[in-house]
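Subject: Structure for your review

Dear colleague,

Please find below the structure that I am handing over to you. My findings follow directly after it.

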Amino acid sequence: MSAAYQSIVERFGPRRPPSARAILAGVDGSDTAMRAVAFAFGLARRQDSRLIVVFVACPSPLAPLRPAVATVIEHDTAAHLYAELRDQMRTAAEELAVPVTVIKTFGDPYTALRDTADRAQADTVVVGASQKAGHRFAGSVATKLIRAGHWPVLVVP
């Protein structure tokens with residue numbers, strides 16, 4: 001695996017024991033995802049919980065068919081978005097005194113969120129509602145997480 005596609009885990013804010021409750025929020029930079037992570041911050045602060053913010057970079061399924069330069073641009077865009085999100089999470093963690101773990105990973109968003117929530121023994125998963133019309137037919141990440149039935153899932157509009 002290329003170093004550019006390795007997962008990253010960063011921690012900000014105060015420390016809590018690993019046994020503290022954990023809230024997981026999926027974020028992709030969309031408006032609904034940003035509202036979801038803001039809600040998750042408030043929930044974590046009120047419940048004295050740890051917050052795990054997961055950014056999943058999912059390569060386009062057409063990537064092998066595109067010129068290499070398009071793939072590089074896509075990766076650079078995801079890296080730039082992650083850097084902005086990470087900085088926002090660090091600032092919020094320090095201002096709100098919420099322990100935050102920010103994870104950048106690659107792959108299918110549903111699988112990455114499900115697996116991360118299971119590994120972290122998340123008590124709640126918070127995601128933004130999908131704004132894509134095609135998800136009415138194929139099912140959104142939120143719908144798939146709800147169907148998994150492993151944890152309560154809050155879907156923020």
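This is a predicted model: local features need pLDDT of at least 70, side-chain atom pairs count only at pLDDT 80 or more; totals for chains, interfaces and linings use all residues.

On the side of H3, the residues involved are Pro 109, Tyr 110, Leu 113 and Arg 114, and they meet Val 141, Lys 144, Leu 145 and Ala 148 of H5.

As for the geometry, helix H3 covers residues 109-119 and helix H5 covers residues 141-148; they pack at an angle of about 40°, and their axes are 9 Å apart. H3 is therefore oblique to H5. The crossing in which H3 passes H5 is right-handed.

I also examined the loop that joins helix H1 (31-47) to strand E3 (50-57), where Ser 49 is located. Ser 49 counts as buried because its relative accessibility is 1%, under the 20% limit for that class. Apart from neighbours within four places in sequence, Ser 49 is in contact with Arg 16, Arg 21, Ile 23, Ala 44, Val 98 and Pro 99.

Asp 48 lies in the loop between H1 and E3 as well. Although Asp 48 is not a glycine, its phi is positive, at about 55°. With a relative accessible area of 47%, Asp 48 is partly exposed.

A positive phi, near 50°, also occurs at Gln 121, a residue other than glycine. Gln 121 belongs to the loop between H3 and strand E5 (124-128), and its relative accessible area of 65% makes it exposed.

Yours sincerely

Key. Residues are numbered from 1 along each chain as its sequence is written. Side-chain values use heavy atoms; hydrogens and water are left out. Axes are lines fitted to C-alpha atoms, for helices over the stretch in contact, and angles run from 0 to 180 degrees between N-to-C directions. Helices (H or I, at least four residues) and strands (E, at least two) are DSSP runs, numbered from the N terminus. Angles under 35 degrees count as roughly parallel, over 145 as roughly antiparallel, 65 to 115 as roughly perpendicular and the rest as oblique. A crossing is left-handed if the near helix is turned anticlockwise from the far one by less than a right angle, and right-handed if clockwise. Contact means heavy atoms within 4.5 Å. Buried means under 20% relative accessible area, exposed over 50%, partly exposed in between (1.4 Å probe, protein chains only).
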